[in-house]
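Please keep the sequence and the 3D view open while reading.

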Amino acid sequence: MQTTPNTVPGSITSSILEFCRSIAPNEPAFIISVPLRRSATSFCFENVDRKIAKNGGSKVFGWAIWHIPDRYFEAEHHAVWRNKNGGLIDVSPQMGQRRRMLFLPDPSAVYDPKCPLPNILAPDGTSPEALEFVQLGNQRNALLTRCRIPGSAEIRLFDADQNELAAIDRRIQELLIV
């Protein structure tokens, strides 16, 4: 059975800080994840809007920071809720029901549903496996972007796209085992 690796960094290391500084000048911080009832995975911007409508507060744009040691760093465009006391809380469900995440605030990363920001990847090191992992991640993201229906979160994969995605995912899994 294939499982999703835990990509939440264990701590904020100097290499994670360096990656984050290449994206935005703010400091990343671990925040708790308390999903809003009936919230949907991959709909963080809408989930935060629902939380604001219900409880007030504000939306904070930025990046969820993921990491697999010796493979890659990844920044995924994300939004979290700032409560009335100034605390940041992730109100969207995370894969594997993770209860915390590393978040990099970035006020310049405003969400436009017609033009979503791509994930940012960087290798963790210079090994051939790390470099290939990032190359595959970029290919995967480009494929999903290419297959996205404009103005929606829906992705339409035709047979050739599904085969290409399956091959990429297979190789990524192989690189995780090495």
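## Nonpolar cores

The largest nonpolar core has 17 residues, among which Trp 66, Tyr 72 and Phe 133 touch the most other members; a nonpolar core is here a set of buried Ala, Val, Leu, Ile, Met, Phe, Trp, Tyr and Cys residues joined through side-chain atoms within 4.5 Å. At least two residues of this core come from each of E2, E3, strand E5 (100–105), helix H3 (128–146) and H4, and E2 gives the largest share, with 4 residues. Helices (H or I, at least four residues) and strands (E, at least two) are DSSP runs, numbered from the N terminus. A second, separate core holds 13 residues, including Ile 16, Phe 19, Trp 63 and Ala 122.

This is a predicted model, in which local features need pLDDT of at least 70 and side-chain atom pairs count only at pLDDT 80 or more, while totals for chains, interfaces and linings use all residues. Residues are numbered from 1 along each chain as its sequence is written, and side-chain values use heavy atoms, with hydrogens and water left out.

## Strand E3 and its partners

Strand E3 (residues 72–82) is largely enclosed by the rest of the structure, because 9 of its 11 residues are buried; buried means under 20% relative accessible area, exposed over 50%, and partly exposed in between (1.4 Å probe, protein chains only). E3 pairs with strand E2 (residues 58–68) in the antiparallel sense over 11 bridges, where two strands count as paired if DSSP finds at least two bridges between them. Ser 58 stands opposite Arg 82 of E3, and in the hairpin of E2 and E3, with 3 residues between the strands, Asp 70 takes a positive phi near 70°.

E3 also runs antiparallel to strand E6 (residues 120–123), to which 4 bridges join it, and Phe 73 has Ala 122 in E6 as its bridge partner. The hairpin of E3 and E4 has 5 residues between the strands, and Gly 86 in its turn has a positive phi of about 90°.

## Two residues in their surroundings

Leaving aside residues up to four places away in sequence, Tyr 72 touches several residues, among them Thr 7, Trp 66, Leu 121, Ala 122 and Phe 133; contact means heavy atoms within 4.5 Å.

Asp 161 lies in helix H4 (residues 159–177) and counts as buried because its relative accessibility is 12%. Beyond its neighbours within four places in sequence, Asp 161 is in contact with Leu 143, Arg 146, Cys 147 and Arg 156.
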